[in-house]
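Reader: Could you walk me through this model, with the ligand site and the barrel in mind?

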Amino acid sequence: MYTELSTVESREKLNGNAYLLKVKAPQIAKSIKPGQFCNIKVSETNYPLLRRPFSVCYAEEDSVYFMFDIQGEGTKMLAEKKPGDRLNILGPLGNGFDTEGDYDTAVLIGGGIGVAPFPLLTEKLEGKEIVTFVGARSADHVIKWGMKNIVTATDDGSEGFNGNVIACFQSEVHKLEKRKIRIFGCGPNPMLKALQKEAINKYDCQLSMESAMACGFGICQGCPIKKSQGEGYYLVCKDGPVFESDKIIIE
Amino acid sequence: MYTELSTVESREKLNGNAYLLKVKAPQIAKSIKPGQFCNIKVSETNYPLLRRPFSVCYAEEDSVYFMFDIQGEGTKMLAEKKPGDRLNILGPLGNGFDTEGDYDTAVLIGGGIGVAPFPLLTEKLEGKEIVTFVGARSADHVIKWGMKNIVTATDDGSEGFNGNVIACFQSEVHKLEKRKIRIFGCGPNPMLKALQKEAINKYDCQLSMESAMACGFGICQGCPIKKSQGEGYYLVCKDGPVFESDKIIIE
Amino acid sequence: MIDLSVQIGKLKLKNPVLLASGTVGYGNEIAELTDLSKLGGIVTKSLSLKPRIGNPPQRVCETSSGMLNAIGLANVGVEVFIKEKIPFLKKLNTTIICNIAASSVEEYVECTRILTREEAIAAFEINVSCPNVKDGGLEFGNNLQAVAQITNKVKAVTDKPVIIKLSPNVSRISEFAKAVKDNGGDAVSAINTLVGTAFDIWTKKPKIKNVTGGLSGPAIKPVALAKVLEISRNVEIPIIGIGGIMDWKDAAEFMIAGASAVQIGTVNFINPKAGEEIIDGLIEYCKKMSIGRIADLTASYEI
Amino acid sequence: MIDLSVQIGKLKLKNPVLLASGTVGYGNEIAELTDLSKLGGIVTKSLSLKPRIGNPPQRVCETSSGMLNAIGLANVGVEVFIKEKIPFLKKLNTTIICNIAASSVEEYVECTRILTREEAIAAFEINVSCPNVKDGGLEFGNNLQAVAQITNKVKAVTDKPVIIKLSPNVSRISEFAKAVKDNGGDAVSAINTLVGTAFDIWTKKPKIKNVTGGLSGPAIKPVALAKVLEISRNVEIPIIGIGGIMDWKDAAEFMIAGASAVQIGTVNFINPKAGEEIIDGLIEYCKKMSIGRIADLTASYEI
Ligand SMILES: Cc1cc2nc3c(=O)[nH]c(=O)nc-3n(C[C@H](O)[C@H](O)[C@H](O)COP(=O)(O)OP(=O)(O)OC[C@H]3O[C@@H](n4cnc5c(N)ncnc54)[C@H](O)[C@@H]3O)c2cc1C
Ligand SMILES: Cc1cc2nc3c(=O)[nH]c(=O)nc-3n(C[C@H](O)[C@H](O)[C@H](O)COP(=O)(O)OP(=O)(O)OC[C@H]3O[C@@H](n4cnc5c(N)ncnc54)[C@H](O)[C@@H]3O)c2cc1C
Ligand SMILES: Cc1cc2nc3c(=O)[nH]c(=O)nc-3n(C[C@H](O)[C@H](O)[C@H](O)COP(=O)(O)O)c2cc1C
Ligand SMILES: Cc1cc2nc3c(=O)[nH]c(=O)nc-3n(C[C@H](O)[C@H](O)[C@H](O)COP(=O)(O)O)c2cc1C
Ligand code: FES
Ligand code: FES
C-alpha cells in the first residue's frame, strides 16, 4: 500500500462516456494485481473531499491505467485531467481476483464500465482460454479496450446479442460445456445478482463488488457487504472487492 | 450590474507574484469605470465558496483585464486559468473614482498590487497631467503595466526612491507646488492610512479601500467601513470602494 | 402544467422558493440581477424597533464550503423601513415576509404591532436567534419558554401568519417547533446559522471581530436537513427549510425531508439568479417524476 | 528544540496530535502507511462489551466538504479486543487511548473495569454519543445528569485518566464540560460528529440507511472551534480539540482556541500521513512564532 503523487501521462476517450487515464505511479504499477483498486484524490481542495475508488484497468512498467465513466463531480474532474497534471493515488487496495487453481477457461463477464479490471486480468490469465462477455446499453457504449475473445450484448440489440449480458452468457454457455470454467464478474449490482443466481451450485464464480467508501483500506468500516453465512459483514475494501459468489448477499 | 460567463483570453505573469488576466466580458467591458471592481467565481465548485473581488485594471472593446497577486487558494486557482477557461464574473460593482471636477494634475499613488486600477484610470484621465507613484518591496516587484509618468519607490531601495511610497510622494510633491492636484490612492491599509494623514486639510484625495466581502453588491452588509462623521458604517462594496479620504476612518 | 403553489398555514405562495432574511437586504440591489416577481417571495433583513449600525469589521469570513457572518443585525429600524423600503417592496410583485429581531419580548410585540398595519407585508418571520438583553444576553432561541412566549404574544397583535425562525443550536429542535405550534404559530423556518468561529493563527485573533459568527452555506446542509426531518417526523406544522441550498436538487431534498417551502441565503451572494434557476429546475424535476403538485413533494421521504 | 509534549490532566503525550476514534480502527491498517510511533497517540474504535456488527449499508456518504457516517459502532467487543488487538497495539510505541461506547451506565462501568487491567491502555475516552437503550434511545450525550453519572461511575473503577468525548448537538457544551469536571473527569474531547442527513432525490430514500448520520470533516471545523472556545472560556479542564482538522494550520487554530491536544479523524481517510505532517508543520510554526513549548499555544487567543 502506497500513497503516490502520480503524474497524468495521457487521457483517451473511449466509447460512450468512458475515459482511459494513464498515470505514472511506479510503486503501485509494480505491485498491483488484477481486481485490486486504487483510491484517487481527484482535486487538491476539500471538494470533493474523499478519494474515489477505481479498479486498476491495466499496468505496464511504471504506469497504471484507469478506465472510468462520468458519474458525478469527482469523475467529471478526473475526465478533465491533462497530461502533466498531478494525482494523489492510494493503492494497491483490496484482494484482487484469485486466478490460481484448477480451471482451464476463464469467463469474464462485465456490464458497462464493469469491464474496467479486465485488461489486466486478461494479461494475467495468459495460458488460460478466455471468453469475455461485454454488456452495454448500445453499440456506442461497448468497450473492448485490452480484452480478447469478446462476445458483446447490448440492451437495444444494436451490437451482438440482443439483451443483457447474463442472458447472453446463458445462451452461449453450452459452447463451453466440456470446459472447466471459472467466472469473473464485474458490473452493476443487478447484473451481479443475476450472475450470482446463475452460478449457484453450478459455477466457480468470483464477483467484484462496489460500495460507497470513505477510506478504501479498512479503517472507516464504511463499506459493509452482508455475509451469506453467519452474522455480520465483510468490508468491500479490505475483504474484497472480489468475493466468491456464494459468500455474500447482494442487496 | 451583470453576471457574465466570460472566457479567459490570456494570462500573463508580471513582476513579483503578479498576474494579468484578460477575459472576454462584453457587457462589463462596455460599462466599467476606473476604480470599480468585479466579483469573480474562481472555481465551479463549492470550494472556494465565495466570489473574490478584483479591481478592473483595464478594459478595451469586449475585454476586461484584472491584475492580481497570489494571496490564498482563490488567487492561486485564478493564476492557473488558461485561455479558453470559463469564469463567472459579476460587475461592474462599486462607485469607482470620481475623475470630474476642478484639478489639473492627477497624482496616482499605489502600493504593491494597489496599482491594479491605475491603467484604466490613466486612460480615463486623458487630458490631465498625471504623475504615478508606484511603491513595491523591491525592484523585481515594481509593476508598471499600463501606467505613465512613473516615480518608483522600493522598500529596499533597489529601484527609485529608497523608502515607502508615501515618503516618496512627500519628497517629490514640492515639484507639483503650482499645480491643482487630486490624489488617487490604492494599496494596503497602512499605506492608505499614512496617505490619509498626509492629505488632511491639504489635498483633494480619493482612496480605494478593501474589505472582506461576501456578496460585493450590497446585500450581505459584510463590508463595513467606519464613517468619520456621525455614527455607523459605509459599505465598501456599494458606497465605495472609493471614498473621499476625509469621509472614513481606516483601522 | 405543474402546480407550483404551496401553502404555509394560511399563507399561500406562488412557488416554494423564498430568499432568506439578511441575504437580500430590502430587495433593491438584487432586483437588478434577477426577476424577483418570479419567486415565491422574499424575506427582508431582520428589523429591530430602532436602527442598528451593526458590528465593526471584520464581519464575514469564508470557511470550507461555508461562511461565517456576524453582521450584528445592522438594519434601518421599523420607522425608516416603513417610509423608505416598503414603497419599493410593494412594486416587486412578490410576497413580502417581514423578519423581526429584538432584544426583549416587548420589542418583538411592538415591532409586529406597528408593522402589521402595512398591507405590503404578507407575513412575519420572527428571528429568535438574538440575545435576550434582559436575561443577560442568552439567546431566546435556546430557551423553550421564551420561544413559546414570543410566539404567543406576537400572535396576539397580528392577524397575519407568524413564522418562527428556529435556532439549530439546540439538542431537540422539534421541541421548539412544538412550542411554536402549541402557541398558535403558523409555521417554523429551519434553520438559522450554526454558531462557529475561526482564528488567524498568525495574530491569534478571531477572524470575525465579534469572535463567533453564524455558519451558513453548503457545509451546513446535512445538519439543516436533519433538523427539518426531525421536526417533520415529530410535529405537525409547516416547515420552511433553510441551510446550504445551492441548486434545485438541494431544494428538492429539503422538500422531500419535510419542508413546504425553502429559503436560500448564502447562494444569493454567489449566484444572484439562483432563485429563478431553482424554480426552473424544480419544474423539470416534477415533470421527470410525474409530480403534478409540487406540494406533494413535502415530506415524501421513504424511510 | 521545541518541547512538543503536552499534559492532558495526568496523561502526558509526547506531542499533541492523536488519531480519532473510529477513523483508525485498531491501528493495524494505517500502520502500513504512516509511522504511528511519531504521533502523540491513537484512540481506538469505540468498544462495547459485546461485539457489534454495525449498521447495514449504506454507511457513509459525502457532503460538501464533509461526510456523513452511521457505522453503528461496529466493533469486536472487549474480549476480542484484549486477545487480538492489544498485542499489536502494544508494539506501536505510541500512547493508546481506549474509547468506550455503551448503551447503559452499567455497560460503561463494566467495560472500564475489565479494560483498566490492561497495561497497554494509557487512558480511556468515553464516547457518550450513543443512545441510552434503557431510557428509550435518547442520547446520553444530550443529558447532563447522564454525563455526570457516567463520569463519576467510570472514574470510580479506574485510576487511569478518563476523558469524556462530548456531543456537539447541545445548546451549551460548556455545561457538559463542567459536569465532567465536577465529577472528577480528567479532560473532555470536543467534538464528536454533528447529526446530519441527506436524501437521494430520485428514490426519496435517505442516502444513509440509518437515516441520520454523523457529519465530520472540514465543513464542521468552525462549529468545533466555537465549542472548544466556549469550553475554554468557561471551564477549567483540559480539552482535546476535534473536528475538521486537515492540516497543521487547523491544528494550531484548535490549540489557540483552547485545545491542549487535537485529534484528527476524517483526514486519515484522505491523507493517511496527515498526523505526521501536522506534527512537522506545528514544529515549523512554533519556530516561526518563537514558541518554545507547544503547550503555550493552548488558549493563547487574543480576544
Ligand atoms: C472497488 C471499486 C472499484 C471501482 N472501479 C471503478 C472503475 O474502474 N471505473 C469506474 O468508472 N468506476 C469505478 N467504481 C465506481 C466509482 O468509484 C464511482 O463512479 C465514483 O466514485 C463516482 O464518483 P463521482 O464523484 O463522480 O460521483 P458522486 O457525485 O460521488 O456520485 C455519483 C453517483 O455515483 C454513485 N457512487 C458514488 N460513489 C460510488 C461508489 N464508490 N461505488 C458505486 N457508486 C458510487 C453515487 O451514489 C451517485 O449516484 C469503483 C468503485 C469501487 C468501490
Ligand atoms: C474592492 C476590492 C478590489 C480588489 N482588487 C484587487 C486587485 O485588483 N488585485 C488583487 O490582487 N487583489 C485585489 N483585492 C484583494 C483580493 O480580493 C484578495 O486578494 C482575494 O480575495 C484573496 O483571495 P484568496 O482566496 O486568494 O485568499 P484567501 O485564502 O481568501 O485569503 C488570503 C489572504 O487574503 C486576505 N483577504 C481575503 N479576502 C480579502 C479581501 N477581499 N480583501 C483583502 N484581503 C483579503 C485574507 O485575510 C488572507 O490573509 C481586492 C479586494 C477588494 C475588496
Ligand atoms: C450575511 C448573512 C446575514 C444574515 N442575516 C440574517 C438576519 O438578519 N436574520 C435572519 O433571520 N437570518 C439571517 N441570516 C441567516 C439566513 O437567513 C439563513 O438562515 C442562513 O444563512 C442559512 O441559509 P444558507 O445556508 O442558505 O445561507 C443571515 C445569513 C447570512 C449569511
Ligand atoms: C467513519 C467514522 C467513524 C467514527 N467512529 C467513531 C467511534 O466509534 N467513536 C467515537 O467516539 N467517534 C467516532 N467518530 C468521530 C470521530 O472520532 C471525530 O470525533 C469526528 O469525526 C470529527 O472529527 P473529524 O472532522 O476530524 O473527522 C467517527 C467518525 C467517522 C468519520
Ligand atoms: S472504505 Fe473504509 S473500511 Fe472500507
Ligand atoms: S460585500 Fe456584501 S454588502 Fe458589501
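Here are some questions and answers on a ligand site and a barrel in this predicted model.

Reader: How far is an oxygen atom of ligand 2 from a polar side-chain atom of B:Thr75?
Author: B:Arg52, B:Gly74 and B:Thr75 are among the residues that come nearest to ligand 2. For B:Arg52, a side-chain N or O atom is 2.7 Å from a ligand oxygen, while B:Gly74 uses a backbone N or O atom at 2.8 Å. For the side chain of B:Thr75, the distance is 2.4 Å.

Reader: What share of the accessible area of ligand 2 does the protein cover?
Author: On its own, ligand 2 has 840 Å² of accessible area. Of this, the protein covers 74%.

Reader: Which residue stands opposite C:Ile163 in strand 10 of chain C?
Author: Good one to look up in the viewer. In chain C, eight strands close into a barrel with parallel pairing, in the order 3-4-7-8-9-10-13-14. The twist from one strand to the next averages 25°. Strand 9 (residues 162–165) and strand 10 (residues 187–190) of chain C pair over three bridges, and opposite C:Ile163 stands C:Ala187.

Methods: Residues numbered from 1 in each chain as written. Chains lettered and ligands numbered in written order. Predicted model: local features only at pLDDT ≥ 70, side-chain atom pairs only at ≥ 80, totals over all residues. Heavy atoms only, no water. Near = heavy atom within 4 Å. Polar contact = N/O pair within 3.5 Å; in protein donor to acceptor, adjacent residues only side chain to side chain. Areas by Shrake-Rupley, 256 points an atom, 1.4 Å probe, with all protein chains shown as cover. Pairing = 2+ DSSP bridges. Helix = DSSP H or I, 4+ residues; strand = E, 2+ residues; numbered from the N terminus. Axes fitted to C-alpha atoms, helices over the stretch in contact; angles between N-to-C directions.
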